[in-house]
Amino acid sequence: MTDTGNKPRRVYPFVYYSSLIVEGANGIILSELKRHGIEDILPCHGDLLQVLLSTERISVSDLAQRTRRTKSTVSVLVEKLVKAGYVCKEKSTEDSRVTFVRLTEKGKSLEAVMQAVSVTLNDKLTAPLTQEEAAALEVLLEKVVRAVKE
């Protein structure tokens, strides 16, 4: 693309870089989970588990809203967690259309592992940066996120 002048407009490969970061981060997460003996969950389960660790139980609809995913996507992810024994589902006694999700004891035991994985991921992502660069990058990424949400 060019602007009204003769000079070509610089196109920044932000999306490309962010996809490489996500790909690399997912690899680190999987490797760290495996190192902790966990091979039956994926990085996509992380945000659901984080929400569940902070609440006693939550409806599938609210979990979808809090994780910014569709209800159908969350339902599929929850089913995998149910099969692995990390969560259980309960029907609401007031409204049969509502399903609640809560962690099992096995699910609750993931808290320390998830914390360790998060620390390792953060350390690896910020290793090439100074504290000032990491802080500046966070501010810049927040600006970009706000821009794409508009």
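Close-up 1. Tyr-12 is partly exposed, with a relative accessible area of 48%. Here, buried means under 20% relative accessible area, exposed means over 50%, and partly exposed lies in between (1.4 Å probe, protein chains only). By that scale Phe-14, at 51% relative accessibility, counts as exposed. This is a predicted model, where local features need pLDDT of at least 70 and side-chain atom pairs count only at pLDDT 80 or more, while totals for chains, interfaces and linings use all residues. Residues are numbered from 1 along each chain as its sequence is written, and side-chain values use heavy atoms, with hydrogens and water left out.

How many aromatic pairs does a search of the whole structure find? There are 2 of them. Rings of Phe, Tyr and Trp (its six-membered ring) pair if their centres lie within 6.5 Å; planes under 30 degrees apart count as stacked, over 60 as edge-to-face and the rest as tilted. Tyr-12 and Phe-14 make a stacked pair, 5.4 Å centre to centre with 5° between the planes. Tyr-16 and Tyr-17 make a tilted pair, 5.9 Å centre to centre with 50° between the planes. Tyr-17 is partly exposed, at 46% relative accessibility.

Close-up 2. Two packed helices are described by the angle between their axes and the distance between the axes. Helices (H or I, at least four residues) and strands (E, at least two) are DSSP runs, numbered from the N terminus. Axes are lines fitted to C-alpha atoms, for helices over the stretch in contact, and angles run from 0 to 180 degrees between N-to-C directions. H3 (residues 60-67) and H4 (residues 71-83) pack at an angle of about 105°, and their axes are 9 Å apart. The two helices are therefore roughly perpendicular to each other; angles under 35 degrees count as roughly parallel, over 145 as roughly antiparallel, 65 to 115 as roughly perpendicular and the rest as oblique.

**Close-up 3. The largest nonpolar core.** A nonpolar core is a set of buried Ala, Val, Leu, Ile, Met, Phe, Trp, Tyr and Cys residues joined through side-chain atoms within 4.5 Å. Which of the 28 residues in this core touch the most other members? They are Ile-41, Tyr-86 and Val-87. Helix H6 (110-126) is one of the elements that each supply at least two residues, and the largest share, 5 residues, comes from H6. Contact means heavy atoms within 4.5 Å. Not counting residues up to four places away in sequence, Ile-41 touches Leu-30, Leu-33, Leu-49, Leu-81, Tyr-86 and Leu-110.

**Close-up 4. Leu-81 and His-45.** Leu-81 lies in helix H4 and is buried, at 0% relative accessibility. Leaving out residues up to four places away in sequence, its contacts include Ile-41, His-45 and Tyr-86. His-45 sits in the loop between H1 and H2. Is His-45 buried or exposed? His-45 is buried, with a relative accessible area of 1%. Again not counting residues up to four places away in sequence, His-45 touches Leu-77, Lys-80 and Leu-81.

**Close-up 5. Asp-47 in helix H2.** Asp-47 is found in helix H2 and is partly exposed, with a relative accessible area of 28%. What does Asp-47 touch, not counting residues up to four places away in sequence? The partners are Thr-67 and Arg-69.
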